[in-house]
Amino acid sequence: MTTFVAKRLLQIVPLVVLLALVTFLLLQLAPGGPFDAERSFPPEIQRQLEARFQLDQPWYVQFGSYMAGLADGTLPSLKRPGLTVGELIGSSFPVSLLLGSLAMAFALALGITSGIIGALRQNTIWDWSTMSVALVGISVPNFVLGPLLVLCFALGLGWFPPARWDGPATWVLPAITLGLAYAAYIARLTRAGMLEVIRADFVRTARAKGLAEHVVVLRHALRGALAPVVTFLGPATAQIITGTVVIEKVFQVPGLGYYFVQSALDRDYSMVLGVVCFYSVILMVMNLLVDVAYTWLDPRVKLA
Amino acid sequence: MSAADTHLVVDERELVAGTSLWQDAWRRWRRNRVSVVSAVVLVAVMVFCSVGPLAAELLLGATYDGQDISLGASAPSWAHPMGTDVLGRDVMARTMHGGRVSLMVALVATAVSLLVGVTYGAVSGFVGGRVDAAMMRFVDLLLSTPYLLLVIVLMAVIPPSSVSIGGLDGSFVLMFAALGLVSWLVLARIVRGQVLSLKQQEYVEAARAIGVPQATILFRHIVPNTLGPVIVYSTLTIPSVMLSEAFLSFLGLGIREPQASWGTLVSDGANAMVVYPWLLLAPGLTMTLTLFCLNFLGDGLRDALDPRQGET
């Protein structure tokens, strides 16, 4: 177990460097540079700027210094003078993290609950209605859902503020908008998983022992049914990361996601590279956690 | 041989005339009413988007970029069934045109992903051994990255004008390539798995024995047999590509003015929804309906073509 985790953690380093290299080469191949956009500087200033950020060096030197700067946190942002990439990520990521976690918590709570209801009341009106709602949830794009919720609950009923990010009241709509599609996926996965487990021998044994129905369902059946949901958490993290990009634009949330798009448009190469590396590490650690979680859910699974 | 004997033979043939996989699947699919209704609605949406603009121009004189500034943003009326936008353009004509663009991007990008994914997966599975291991490691690597972030970077830094092919808008070409090149990964895995088991079959051995070249064995004899899962997965790729296109366009990174897609229309609509809600509702609901039907159709096809595969 420990060796497995250590090995996987060590693998992350070369993978992230490789990904950074791909991103970097993409930026290099694109026509134009960070400082020859809309405003044109006098040539001396342009040269000075490029020298300051080593843009006049060969690409491998640039890449090396980017990586070194990212590793010790001193890489400066090209477009926001005086700030390092680390500081920029540090100030905006907590907001995205809170948004993503709230959305995920909402998705898990709603998805697992309705999945269990669907499976226990299979082929009843409860089952059909929750599963139809789930398919609708999967099909409505979050950038359509967001404005609709704002129109309805913020501007129409006035229950929540329509935008911004200060205080729990403003967290509700963005978290629901981001989480609903995942709630729908999780509901379908939980239902399918429960249906497979609910007739298994160990569940019948639990019932035969005379355990209360909620203990049978929550402690015995659910644990076996959750494996597909846990598998989904890996890709879901990736989707939540990109999802925050849109949600932050819709609700004007000052998080890292939308900031990343701005940096890409501004050609703030160091910021783009920093965010790509940062999010890749998060994603890979999340995938590792998912693999570890299997062993807890299903003792038959061995890590190799 | 007497007439009665011939009759008997014919009868027997009719009895043993097996149902092919496709007939079987067709029968199963037709029983799935929701899926059939979805297919009908989808055809209607396609007609709406392909023939619609022409009809709108002939009947109402409305085109997607024709302006009537004096009108401004007007609520739905007989002349403009879905209203007009801030610049006085007919929203229905724009929704149709946007749908054309969104559907085209989704179909072409899915075709790109099919081409890349099937070839990659088939070669990987057929060659096997170390090559297979290396090729699949590469897919795993890409799957473990937040690749949509890379697409954002790609769309942001490459000016569309630099990649336009012929008369085709550069932002379209970028979109086809970017979305096609990221959605082939899972497909490659599925095809590889299929090929791994198919290449052990007797008919492949027979083909080898009579000296059919390797490439022909792979693409003439093996790949066509992977079609079922490939069709199922592609049907589900179309809505996800459509969603990605709209996502990028919504961020201002995809289709650019004067072109429009459902993503850009929803983006414009969201900005103006407080005063002119129909600007959001018309494209937003059309797109949602389309995605809904595509998902149902995909689900139905999966149940029909691949009954063993459960829900995912």
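Of the 312 residues in chain B, 44% count as buried.

Chain B has an average pLDDT of 79, and 86% of its residues score at least 70. Among the elements of chain B, the lowest mean pLDDT, 52, belongs to helix 1, residues 3-16, and the highest, 88, to helix 10, residues 202-209. Where pLDDT is low, the predicted coordinates should not be read in detail. Chain A averages 81, with 93% of the residues at 70 or above. In chain A the mean is lowest in helix 2, residues 43-52, at 72, and highest in helix 4, residues 85-120, at 87. For the complex, the predictor reports an ipTM of 0.77 and a pTM of 0.79.

Among contacts in chain B between residues at least 6 apart in sequence, 67% join residues at least 24 apart.

One local example from chain B is B:Gly52, which sits in helix 4, residues 52-60. Is this glycine buried or partly exposed? B:Gly52 has 19 C-beta neighbours inside 10 Å, and it therefore counts as partly exposed; the cut-off for buried is 20 or more. The C-alpha atom of B:Gly52 is separated by 8.6 Å from that of B:His97, and these two residues are 45 apart along the chain.

On to chain A. Chain A has 12 helices and 0 strands. Its C-alpha atoms fill a box of roughly 85 × 55 × 30 Å along the principal axes. Of the 304 residues of chain A, 39% count as buried. Take the contacts in chain A with a separation of 6 or more: residues 24 or more positions apart account for 72% of them.

Next, a helix pair in chain A. At what angle do helix 10 and helix 11 of chain A pack? The angle is about 95°, and the axes are 7 Å apart. That angle makes helix 10 of chain A roughly perpendicular to helix 11 of chain A. Helix 10 of chain A contributes A:Thr244, A:Val245, A:Glu248 and A:Lys249 to the contact, and helix 11 of chain A contributes A:Gly257, A:Tyr258, A:Phe260 and A:Val261. By type, the residues of this contact divide into 4 nonpolar, 2 polar and 2 charged.

The loop between helix 10 and helix 11 of chain A holds A:Gln252. A:Gln252 is not a glycine, yet has a positive phi of about 50°. Most residues other than glycine have a negative phi. A:Gln252 has 13 C-beta neighbours inside 10 Å and so counts as partly exposed.

A:Arg267 is found in the loop between helix 11 and helix 12 of chain A. A:Arg267 also has a positive phi, about 55°, and is not a glycine. Is A:Arg267 buried or exposed? With 21 C-beta neighbours inside 10 Å, A:Arg267 counts as buried.

Last, the core. The largest nonpolar core has 161 residues, and those touching the most other members are A:Ile186, A:Val272, B:Ile152, B:Val153, B:Met155 and B:Val266. Helix 7 of chain A supplies the largest share of this core, 15 residues.

A:Val272 is worth a look on the screen. What does A:Val272 touch, leaving out residues up to four places away in sequence? The list is A:Thr23, A:Leu27, A:Ser263, A:Ala264 and B:Val153. B:Val153, in chain B, is also one of the core residues that touch the most other members.

That is what I have.

Notes
Residues are numbered from 1 along each chain as its sequence is written. Chains are lettered from A and ligands numbered from 1 in the order in which they are written. This is a predicted model: local features need pLDDT of at least 70, side-chain atom pairs count only at pLDDT 80 or more; totals for chains, interfaces and linings use all residues. Helices (H or I, at least four residues) and strands (E, at least two) are DSSP runs, numbered from the N terminus. A residue is buried if 20 or more other C-beta atoms lie within 10 Å of its own, exposed if 12 or fewer, and partly exposed in between; C-beta atoms are placed from the backbone. A nonpolar core is a set of buried Ala, Val, Leu, Ile, Met, Phe, Trp, Tyr and Cys residues joined through C-beta atoms within 7 Å. Two residues are in contact if their C-beta atoms, placed from the backbone, lie within 7 Å. Axes are lines fitted to C-alpha atoms, for helices over the stretch in contact, and angles run from 0 to 180 degrees between N-to-C directions. Angles under 35 degrees count as roughly parallel, over 145 as roughly antiparallel, 65 to 115 as roughly perpendicular and the rest as oblique. Ala, Val, Leu, Ile, Met, Phe, Trp, Tyr, Cys and Pro count as nonpolar, Asp, Glu, Lys and Arg as charged, and the others, Gly among them, as polar. pLDDT is the predictor's confidence in each residue, from 0 to 100.
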